[in-house]
Amino acid sequence: MAAHLRAALGPGPVGVAVSGGGDSVALLHLAVRAGIAVQAVTVDHGLRAEAAAEAAEVARACAALGVPHDILRWQWDGRGNLQDAARRARQALIADWARGRGLGAVALAHTADDQAETLLMELARRAGVDGLSGMAECRRAAGVDWLRPLLGVTRAALRGWLAAEGIGWADDPTNADPRYARVRMRRALAGLGPVGIDAAGLSAVAGHLQAARAALAWHAEAAARRIAGVEAGDVVIDRAALAALPDETRRRILRAALVWIASAEYGPRAPALARAEAAALAGRAATLAGCRLLPGGPRLRITREARAVAATVTPTDALWDGRWRFEGPHSNGLTLRALGPAGLAACPDWRAGGLPRASLLAAPAVWRGEVLVAAPLAGRPAGWRAAPLGGADGFFSALLSH
């Protein structure tokens with residue numbers, strides 16, 4: 001195990017997310033014993049009275065191990081799905097913590113059981129290859145590499161090791177609450193043993209599907225480089241060539257374009273994507289996931305939806321809409337926001353650039369209050385340049401990212 005962790009995590013420093021549960025406590029101790037330089041973090045969601053005491057216990061354990069430790073706190077505002085909100089908040093808090101400490105990676109203690117439960121939940125959703133491939137051993141998000149070095153180890157094995165070493169852990173009662181889908185899948189998995197289906201086996205199946213997913217992504221990226229390009233932040237695709245591709249390849253290209261343009265964490269669900277795809281290939285415009293699909297002659301243009309960015313405002317030296325960077329005479333009082341109808345009306349030469357009106361309405365521009373200062377994509381640069389993060393390679397890379 002020590003050799004495996006050193007290969008998966010490197011020498012460090014690396015962050016370790018420790019909730020106080022058995023899996024994360026085992027990861028912490030195993031990483032320390034493997035000689036990896038780690039820093040630990042615990043997120044107290046404030047959802048259980050015991051959570052603060054459990055976080056304090058993790059702090060004491062880290063102090064005994066000589067591991068730096070921080071506790072981050074979050075409070076739910078009551079909006080949206082609690083589980084999803086907690087997951088998103090946890091990732092954002094830990095990512096900020098890691099970047100603030102110069103850590104490029106954070107290790108998570110997901111096990112083979114977690115992978116198997118994820119696969120069963122995706123089966124219930126009738127997922128395709130991507131969903132059924134489960135959690136990746138390494139995934140980059142929010143500027144951090146999220147590592148899962150224990151996906152090949154069962155929960156029982158980790159708890160057995162902890163018990164043998166005399167190391168305690170906390171049990172979260174919500175892990176036995178059948179109101180949660182993951183708990184129901186855990187119980188279903190326990191009943192599949194007599195027919196030869198267990199956590200280790202399902203985790204291995206997820207690994208096989210990850211290999212298939214990687215091959216499909218490779219072919220989609222190669223096809224995209226042949227038939228698509230990036231123009232002023234829009235993805236432009238040869239419509240006939242797109243229609244001629246296999247269904248899976250075509251949908252991967254469209255999904256990647258939508259994710260990249262909207263700076264989204266996930267792509268749209270399959271039924272919605274299929275409807276938008278059918279409309280676009282038939283020559284009809286469609287709106288999906290904060291983007292517009294605009295067929296025009298032989299090309300399909302995918303651009304940002306103006307309404308989706310109408311309220312997006314940042315300083316000129318910040319990343320706008322998750323992907324646009326500006327170079328120019330930055331100063332206080334200037335902001336970036338969408339060009340919109342008023343801004344476009346102040347750009348009489350916008351047609352000379354060849355971009356459609358729909359693209360320019362959602363394009364970023366420099367403003368001082370209600371006065372347009374510059375619109376580089378609409379023929380009014382005024383000393384400013386705008387470019388999407390990563391350029392065309394940013395889009396092509398989105399086809400390969402998990």
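1. Proline 13 sits in the loop between α1 (2-9) and β1 (14-17). Helices here are DSSP runs of H or I with at least four residues, strands are runs of E with at least two, and both are numbered from the N terminus. A cis peptide bond joins glycine 12 to proline 13, with omega at about 0 degrees.

2. A word on the source. This is a predicted model: local features need pLDDT of at least 70, side-chain atom pairs count only at pLDDT 80 or more, and totals for chains, interfaces and linings use all residues. Residues are numbered from 1 along each chain as its sequence is written, and side-chain values use heavy atoms, with hydrogens and water left out.

3. Alanine 232 lies in the loop between β7 (228-231) and β8. Its phi is near 50 degrees, a positive value in a residue other than glycine. Alanine 232 is partly exposed, because its relative accessibility is 31%; buried means under 20% relative accessible area, exposed means over 50%, and partly exposed is in between (1.4 Å probe, protein chains only). Alanine 289 is in the loop between β9 and β10. Its phi is also positive, about 55 degrees, although alanine 289 is not a glycine. With a relative accessible area of 40%, alanine 289 counts as partly exposed.

4. The whole structure has one cavity of 30 Å³ or more. On a 1 Å grid over the protein atoms alone, a cavity is a set of points where a 1.4 Å probe fits but cannot get out; a pocket is an open set with protein on both sides within 12 Å along at least five of seven lines; lining residues have an atom within 4 Å of a point. The largest cavity has a volume of about 90 Å³. Volume here is the space filled by probe spheres set on the points, and grid points are joined across faces, edges and corners. Its lining has 15 residues, and Ala232, Asp234, Trp324, Ser359 and Ala363 lie nearest the centre. By class, the lining has eight nonpolar, three polar and four charged residues. Nonpolar covers Ala, Val, Leu, Ile, Met, Phe, Trp, Tyr, Cys and Pro; charged covers Asp, Glu, Lys and Arg; the others, Gly among them, are polar.

5. Now an open space. The second largest pocket holds about 170 Å³. Its lining has 13 residues, with Val25, Glu57, Val58, Ala61 and Gly168 nearest the centre. Both α2 (22-33) and α3 (51-65) supply at least two lining residues. The largest share, four residues, comes from α3. The classes are eight nonpolar, three polar and two charged residues.

6. Which residues have the most contacts inside the largest nonpolar core? They are Ile237, Ile253, Leu293, Ile302, Phe395 and Leu399, in a core of 31 residues. The elements that give two or more residues to this core are α9 (199-227), β8 (234-238), α11 (247-262), α12 (270-281), β9 (286-288), β10 (291-296), β11 (299-304) and α16 (391-398). The largest share, eight residues, comes from α11. Another core lies apart from this one; its 27 residues include Ala40, Val67, Ala105 and Leu162. A nonpolar core is a set of buried Ala, Val, Leu, Ile, Met, Phe, Trp, Tyr and Cys residues joined through side-chain atoms within 4.5 Å.

7. Contact means heavy atoms within 4.5 Å, and the lists below leave out residues up to four places away in sequence. Serine 24 is in helix α2. At 6% relative accessibility, serine 24 is buried. Serine 24 touches Ala17, Val18, Ser19 and Ala109. Leucine 108 is in the loop between β4 (105-107) and α5 (112-124). Leucine 108 is buried at 13%, and touches Ala17, Leu27, Trp146, Leu147, Arg148 and Pro149. Glutamine 115 lies in helix α5. Glutamine 115 is buried at 2%, and touches Ser133, Gly134, Met135, Leu151, Ser203, Ala206 and Gln210.

8. Last, the cysteines. A disulfide is a covalent bond between the sulfur atoms of two cysteines. The test used here is a pair of cysteine sulfur atoms within 2.5 Å. The search of the whole structure finds zero disulfides. Cysteine 138 is partly exposed, with a relative accessible area of 44%. Cysteine 347 is buried, at 1%.
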